[in-house]
Amino acid sequence: MLTAYSAQSPKPGQDVDSAVGRAIWLDLVDPGEDERKRAATALGAELPTREQISSIELSSRVRIEDELLRINIPAFARGDGGRGVLTPLGILLSPALLVTLRYAESPAFDRLAKTAGETRPGTSVDAFVGLFEAVAGTAADRMQELSGELSQLSHETFSDRVGHSGMLRRVLFEIGRIQRHVTQIRSALLGVQRGLSHLCDTAPKWISRQQLTRLQVALSDLKALGEFDQQLDDKMQFLLDAALGFINNDQNDIMRVLTIVSVVTIPPMILAGIWGMNFKTIHEYDWPYGYVFALTMIVLSMLLPLAWFKWKKWF
């Protein structure tokens with residue numbers, strides 16, 4: 001899909017080619033060959049392939065060729081509605097046109113598209129700066145939401161309500177889900193931060209000082225989010241350890257009960273085994289109250305170990 005954004009409102013009945021020619025930003029989402037050719041013609045340069053954008057070599061992340069800036073981010077957004085693998089993002093910028101090449105939907109681009117539709121950036125560089133600001137803002141909002149979810153999980157994990165043991169299993173699944181989102185955000189921020197850091201050091205002359213300052217502010221925000229990301233990691237690890245610790249305690253409680261039951265039932269089983277033997281020389285068989293005596297001894301053999309365990313505070 002190819003979407004064109006211009007500095008002016010589109011004219012009624014304007015065709016696609018005319019819109020592309022007037023655009024300052026072309027956003028391509030999993031484009032076809034025809035859409036790639038239109039964008040390449042408008043930009044005046046070949047677009048990279050998905051394999052080239054996905055390259056993890058640092059030397060291929062940021063390149064400046066005359067009046068064309070290329071930034072490749074190997075892992076930016078998940079495909080299949082956020083359930084698939086991480087997909088790359090390619091950014092190509094010239095003084096006249098910004099081209100973004102991606103293969104999955106992204107809240108950051110939705111945010112930028114909304115801003116571009118309302119304020120209409122004046123140049124391609126303004127749209128480019130707005131893209132990084134949108135990435136930083138969207139990542140901050142998402143990480144804030146995840147932090148709130150972790151706080152709720154922490155409250156549930158350390159609660160003492162009925163059904164706490166069964167709830168711990170759900171906590172483990174929720175921690176795994178949050179970890180997946182944090183990993184995606186971390187991968188995207190790392191790629192964006194590396195590209196932006198290199199760009200701020202070697203910015204081309206056609207990026208103004210004011211625009212460069214905005215990029216540096218966005219870079220500072222990304223670095224701050226990196227520290228916040230570490231806090232989320234620490235909190236997730238703590239909750240994971242706590243949940244596993246509670247589960248282990250529950251298992252130990254079950255094993256303790258089973259151990260007490262097995263120890264308590266050993267003496268009566270021995271007595272029942274002795275009196276259950278069919279030897280004629282067993283004197284208790286001839287006692288008038290032998291049956292009552294046997295039952296009393298069996299009950300006492302169970303109560304005495306229980307009293308001992310209770311005195312030791314083992315349960």
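Is Phe 238 buried, partly exposed or exposed, and at what relative accessibility? Phe 238 in the predicted model.

**Figure 1. Overall arrangement of the predicted model.**
The secondary structure of the protein consists of eight helices and six strands. Read from the N terminus, these elements follow the order β-α-β-α-α-β-β-β-β-α-α-α-α-α. Of the 315 residues in the protein, 39% are buried. The structure contains seven aromatic pairs, and two of them are shown in the next view.

**Figure 2. Aromatic cluster of Phe 158, Phe 238 and Phe 246.**
Ring pairs join Phe 158, Phe 238 and Phe 246 into a cluster. Among the seven aromatic pairs of the structure is that of Phe 158 with Phe 238, whose ring centres are 5.8 Å apart and whose planes lie at 20°, so this pair is stacked. Phe 158 belongs to the loop between helix H5 (124–157) and H6, whereas Phe 238 belongs to helix H7, so the pair ties together parts that are 80 residues apart in sequence. Phe 158 also forms an aromatic pair with Phe 246, which is edge-to-face, at 5.8 Å centre to centre and with 75° between the planes. Because Phe 246 lies in helix H7 and Phe 158 in the loop between H5 and H6, this pair ties together parts that are 88 residues apart in sequence. With a relative accessibility of 41%, Phe 158 counts as partly exposed. Phe 246 is likewise partly exposed, at 26% relative accessibility.

**Figure 3. Packing of helices H5 and H6.**
The axes of H5 and H6 come within 10 Å of each other and cross at roughly 160°. This angle makes H5 roughly antiparallel to H6. H5 passes H6 in a left-handed crossing. The residues of the contact between H5 and H6 comprise 19 nonpolar, three polar and six charged.

**Figure 4. Packing of helices H6 and H7.**
Helix H6 spans residues 164–201 and helix H7 residues 209–275. The two helices pack at an angle of about 160°, and their axes are 9 Å apart. H6 and H7 are therefore roughly antiparallel to each other, the cut-off for this class being an angle over 145 degrees. Their crossing is left-handed. In the contact of H6 with H7, 25 residues are nonpolar, six are polar and five are charged.

**Figure 5. Packing of helices H7 and H8.**
Helix H8 covers residues 290–311 and packs against H7 at an angle of about 160°, with the axes 9 Å apart. H7 and H8 are therefore roughly antiparallel to each other. The crossing in which H7 passes H8 is right-handed.

**Figure 6. Arginine side chains over aromatic rings.**
Arg 50 is placed over the face of Tyr 103, at 4.6 Å from the ring centre. Arg 102 is placed over the face of Phe 109, at 4.3 Å from the ring centre.

Asp 27 is located in strand S2. At 3% relative accessibility, Asp 27 counts as buried. Asp 27 and Ala 113 are 86 residues apart along the chain, and their C-alpha atoms are separated by 9.3 Å. Asp 30 lies in the loop between strand S2 (23–29) and helix H2 (33–43). The phi angle of Asp 30 is near 45°, a positive value in a residue other than glycine.

**Figure 7. Pro 107 in helix H4.**
Pro 107 is part of helix H4, which comprises residues 107–119. With a relative accessible area of 55%, Pro 107 is exposed. The C-alpha atoms of Pro 107 and Ala 134 are separated by 8.9 Å, while the two residues are 27 residues apart along the chain.

Definitions and conventions:
Residues numbered from 1 in each chain as written. Predicted model: local features only at pLDDT ≥ 70, side-chain atom pairs only at ≥ 80, totals over all residues. Heavy atoms only, no water. Axes fitted to C-alpha atoms, helices over the stretch in contact; angles between N-to-C directions. Helix = DSSP H or I, 4+ residues; strand = E, 2+ residues; numbered from the N terminus. Parallel < 35°, antiparallel > 145°, perpendicular 65-115°, else oblique. Left-handed = near helix turned anticlockwise from the far one by under 90°. Nonpolar A, V, L, I, M, F, W, Y, C, P; charged D, E, K, R; others polar. Phe/Tyr/Trp six-rings, centres within 6.5 Å; stacked < 30°, edge-to-face > 60°. Buried < 20%, exposed > 50% of the residue type's maximum accessible area, 1.4 Å probe, protein only. Lys NZ or Arg CZ within 6 Å of the ring centre and 35° of its normal.
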